[in-house]
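I opened my notebook for another look at a protein model. Here is what I looked up, in the order I went.

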Amino acid sequence: MLLFVMRHGRAEPISKSDETRALTEDGREQVAAVCKERASELAQVKTIWASPFVRTRQTAKIVADIFDLPVEINEVLTGDTPAQAVLDALAEVDEKDFPVLLVSHQPLVGTLVNRLCGSAEELPMGTSTLACLSADVWAWDCAELEWLQHKP
């Protein structure tokens, strides 16, 4: 099974509330460029889960519009959620419903990718970074990092 994990695009600086920060124009362009670079792989995605924050919903919408996919807002993907909660949510997904694309924040995306892959070294997950993981079962140290796409 494949799982894609994406960090939102570059966002505006914090002014009033972190939850309401929107993507910058550069952030939108970065997300679209990553989608273009990995179009053949992302075309396999069946659904997108996004955090409820504005910048992740906007990032997910860019991907969804390109690939005509549904987006589900999932509270488990806020940046401070324990990675185990995401793993528990993934365990509820039927194998036939993969690949799923998760769109979230740091530190969650980095922690999730690193723990799933059992990486001893922290993998970089800058804005608009997309990771592709494969596994027979979604459990810690059981996935393989297929590739990591940074903004072009």
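These entries go from the whole chain down to a pair of residues.

**Entry 1: the fold.** I noted first that this is a predicted model. I then went through the secondary structure and found five helices and six strands in the protein chain. Reading along the sequence, I wrote down the order β-α-α-β-α-β-α-β-α-β-β.

**Entry 2: overall dimensions.** I looked up the radius of gyration, which is 14 Å for the protein chain; a compact globule of 152 residues would have one near 15 Å, so the value agrees with that. Along the principal axes, the C-alpha atoms fill a box of roughly 40 × 30 × 25 Å.

**Entry 3: packing and surface.** I checked burial next, and 53% of the 152 residues count as buried. For contacts between residues at least 6 apart in sequence, I found that 69% join residues at least 24 apart. The accessible surface comes to about 7,200 Å², and carbon and sulfur atoms account for 49% of that.

**Entry 4: charges.** I have 14 positive and 24 negative side chains in my notes for the protein chain. The centres of these two sets lie 8 Å apart.

**Entry 5: Glu 146.** I then picked a residue in strand β6, which covers residues 144-149: Glu 146. Is Glu 146 buried or partly exposed? Its relative accessibility is 44%, so I put it down as partly exposed, since that class lies between 20% and 50%. I listed what Glu 146 touches, leaving out residues up to four places away in sequence, and got Cys 132, Leu 133 and Ser 134. I also looked up its separation from Thr 111, which is 35 residues away along the chain: their C-alpha atoms are 17 Å apart.

**Entry 6: Ser 134.** With a relative accessibility of 17%, Ser 134 counts as buried, because the cut-off is under 20%. Which residues does Ser 134 touch, not counting those up to four places away in sequence? I found Met 1, Leu 2, Cys 142, Ala 143, Glu 144 and Glu 146.

**Entry 7: the pair.** I finished with the link between these two residues. The side chain of Glu 146 makes a polar contact with the side chain of Ser 134, at 2.5 Å.

Definitions and conventions
Residues are numbered from 1 along each chain as its sequence is written. This is a predicted model: local features need pLDDT of at least 70, side-chain atom pairs count only at pLDDT 80 or more; totals for chains, interfaces and linings use all residues. Side-chain values use heavy atoms; hydrogens and water are left out. Helices (H or I, at least four residues) and strands (E, at least two) are DSSP runs, numbered from the N terminus. The radius of gyration is taken over C-alpha atoms; the globule rule is 2.2 Å times the number of residues to the power 0.38. Buried means under 20% relative accessible area, exposed over 50%, partly exposed in between (1.4 Å probe, protein chains only). Contact means heavy atoms within 4.5 Å. Accessible areas come from the Shrake-Rupley method with a 1.4 Å probe; for residues, only the protein chains shown count as cover. Lys and Arg count as positive and Asp and Glu as negative; His and the chain ends are not counted. The place of a charge is taken as NZ of Lys, CZ of Arg, CG of Asp or CD of Glu. A polar contact is a pair of N or O atoms within 3.5 Å; within protein, one must be able to donate a hydrogen and the other to accept it, and residues adjacent in sequence count only if both atoms are side-chain atoms.
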